[in-house]
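Please keep the sequence and the model in view while reading.

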Amino acid sequence: MAQETLRPTSQVRVPARRSPFADLGSWTIFAVVLLAGWEIGSRLYNQPYLLPAPSQIIRAMGEDYALVLDYARITMQETVLGFVLGAVAALLSAMLFVWLPKTIEDFLYRIIVTLNSTPFVALASLAVVWFGLGITSKIIIAGMYTFFAVLYHTHKEFISVDPMREYLMDVYNAGWLQRMLLLKIPSALPIIFTSLKGGVMAAVNGAIVGELFGAFEGLGYMILDSRYVGNTVRVFLAAVFCTLIGWVLLGVVTFAERLLLPWHVSMARGKSS
Amino acid sequence: MSAIVEMERISKAYEVARTPGLLGRRGADRALDVVTNFTLAVRQGEFVCVIGPSGCGKTTVLFLLAGIRDPSDGRIAVCGKAPADAVRVGLSSVIFQQPILFEWLTAEDNVLLPLRLRDPRWWWWPPRRARYQETVRQLLRTVELEQFARYYPDKLSGGMQQRVAIARALTLNPQVLLLDEPFGALDEITRDRMNLELLRLYDERELTILFVTHSIEEAVFLSDRVVVMSRGASARTGSSIVREVRVDLPRPRRLALKEDPAFFQKVREGRAALREAQVAD
Ligand SMILES: Nc1ncnc2c1ncn2[C@@H]1O[C@H](COP(=O)(O)OP(=O)(O)OP(=O)(O)O)[C@@H](O)[C@H]1O
Ligand SMILES: [Mg+2]
């Protein structure tokens, strides 16, 4: 912070605060060029089974929209519930870790690290075995993906608060909860949001993986089913909707970040402090 | 009159951790003696400066007085209490080398922090909340930052940030103020202004001040007594304190004093003591 003022102004990048719609134009051009290229390419290639054209995907959407939207709703539901549960569990666990005695914290932490390095797909297939083919197992898998994406960085941020700030809280006799609410959580929030953004994408992945392992509905099921019958167009259609779900949820998290972090320097300036 | 800050034959050694090597740990645990045989008594209302070369343990002394570290040996008391207790009930207060403001709180909320921590239910009781906010407003007026109450710290200059930190340190109305090179990062003109402001607060609030600095001029200008420390114990005194220079210049102090021969004389004395401190290590 103090160094910031010492730097010559020419080196401090201060982009004007931009509205979220500012670069809508360039994105539109990008999308149009990409889609046009894809359309032309796939028509020249002419193998719809391998590479369907965007127009074919849109036509399939027209035919199947009721089913696709219903499946998208189901997957979205699993993703959102899993994300919320996983994120809340991760934040509470991170707080719990800080609260626990050092040796127990260490022990639990080792468990987390071990689980984290186990392939999630293996854990996901177990969840389907344990919780059945319904929506519950998908929520749990999405939640698990989120949990690991959020917990590690949040906990690390909680324990690496500037010691001088901790001394300041000591000096003013802060209790555990006060320290958490007034120091640790606010100073970890930028990192928490970054990991939540990762967590949201992980949740989409988790829900799809769960559906691939056994389900009767949802976009993952649609991918699996369409692939068996050789309907590549519908695989693409499902994939497009998975991406859309990810974008929508990412937008929500980013919006919450803007709302909650007005002080956060990296949003107003370049990433500098 | 008895002393309000007392340090009697204080020693502090830091455990220096063994260097972790690739195959197990190499080297032995070592204790680093930073402060040795440090004796200091500060009377109520006295302004004492501690100077010394970098790394001689000035911050360590201050941390001992703030209860952030415990001494390895010796007796220490602030306002007749253990330092950690004195600072927790607000009898003493610390200002660090950096302002340490929370960037998610406005200037006024930063100043409010000590009250908020002492009284977690402050928000639910409107009259008390109003009283606290009035206290904060007055403190910000004292450090001439009234118009900047709603500013976030990153929109304030270094000097303004340190003034917010001073206001925060005064929130619980302490008797003893402990400062660790608070103006070290500021330019000379700002530093002079801050010094005058500090002297005004010292008068108005009848504070007792222990002020760490590495500038002899600043030390002489501010204090009644300059304690000169050396890195490691001095061979002559057998303690971290090489010499004490009594500064019997009249108060109130004005900037014109810095042109006075008597001021130069004291600065010369201090500089000689500091040279001795350098030789000691
Ligand atoms: N937590 C610690 N563990 C081990 N050694 C420490 C620790 N804190 C300080 N030291 C050592 O103690 C010595 C004195 O440190 P201190 O910060 O008190 O010096 P200082 O006089 O304040 O220096 P400066 O003028 O640079 O601020 C240094 O050699 C430092 O390396
Ligand atoms: Mg220091």
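## Strands and ligand shell in chain B

V48(B) has R225(B) as its bridge partner in β10(B). The model is predicted, and local features are given only at pLDDT of at least 70, side-chain atom pairs count only at pLDDT 80 or more, and totals for chains, interfaces and linings use all residues. Residues are numbered from 1 along each chain as its sequence is written, chains are lettered from A and ligands numbered from 1 in the order in which they are written, and side-chain values use heavy atoms, with hydrogens and water left out.

### Strand β10 and its partners

Helices (H or I, at least four residues) and strands (E, at least two) are DSSP runs, numbered from the N terminus. Two strands are said to pair if DSSP finds at least two bridges between them. By that rule, β5(B) and β10(B) pair in the parallel sense over 4 bridges. Strand β11 (residues 241–246) of chain B pairs with β10(B) in the antiparallel sense, over 5 bridges. Within this second pairing, V227(B) has E244(B) of β11(B) as its bridge partner.

A residue is called buried under 20% relative accessible area, exposed over 50%, and partly exposed in between (1.4 Å probe, protein chains only). Strand β10 (residues 225–229) of chain B is largely enclosed by the rest of the structure, because 5 of its 5 residues are buried. R225(B), V227(B) and M229(B) point one way from β10(B), while V226(B) and V228(B) point the other way, and all are buried.

β9(B) runs parallel to strand β5 (residues 47–51) of chain B, to which 4 bridges join it. V48(B) stands opposite L210(B) in this strand. β9(B) also runs parallel to strand β8 (residues 176–180) of chain B, here with 5 bridges, and D180(B) stands opposite V212(B). From β8(B) the chain passes through helix α6 (residues 188–204) of chain B to β9(B), and this β-α-β crossover is right-handed. The term right-handed applies if, with the strands pointing away from the viewer, the path from the first strand over the helix to the second runs clockwise.

### The surroundings of ligand 1

Which residues surround ligand 1? They are Y14(B), V34(B), S54(B), G55(B), C56(B), G57(B), K58(B), T59(B), T60(B), R69(B), Q97(B) and E181(B), where near means that a heavy atom of the residue lies within 4 Å. Helix α1 (residues 58–65) of chain B gives the most to this shell, with 3 residues.

| Residue | Atom of the residue | Distance to an oxygen atom of ligand 1 |
|---|---|---|
| C56(B) | backbone N or O | 3.2 Å |
| T60(B) | polar side-chain atom | 2.5 Å |
| E181(B) | polar side-chain atom | 3.2 Å |

Taken alone, ligand 1 exposes 630 Å², of which the protein buries 64%; accessible areas come from the Shrake-Rupley method with a 1.4 Å probe.

### Loop residues

E181(B) is found in the loop between β8 and α6 of chain B. Its phi is near 40 degrees, a positive value in a residue other than glycine. E181(B) counts as buried because its relative accessible area is 11%.

E206(B), in the loop between α6 and β9 of chain B, also has a positive phi, near 50 degrees. At 64% relative accessibility, E206(B) counts as exposed.

P252(B) lies in the loop between β11 and α8 (261–280) of chain B. A cis peptide bond joins R251(B) and P252(B), with omega about -5 degrees.

### Chain A

Chain A has 11 helices and 0 strands. Of its 273 residues, 41% are buried.

Methods. Polar contact = N/O pair within 3.5 Å; in protein donor to acceptor, adjacent residues only side chain to side chain.
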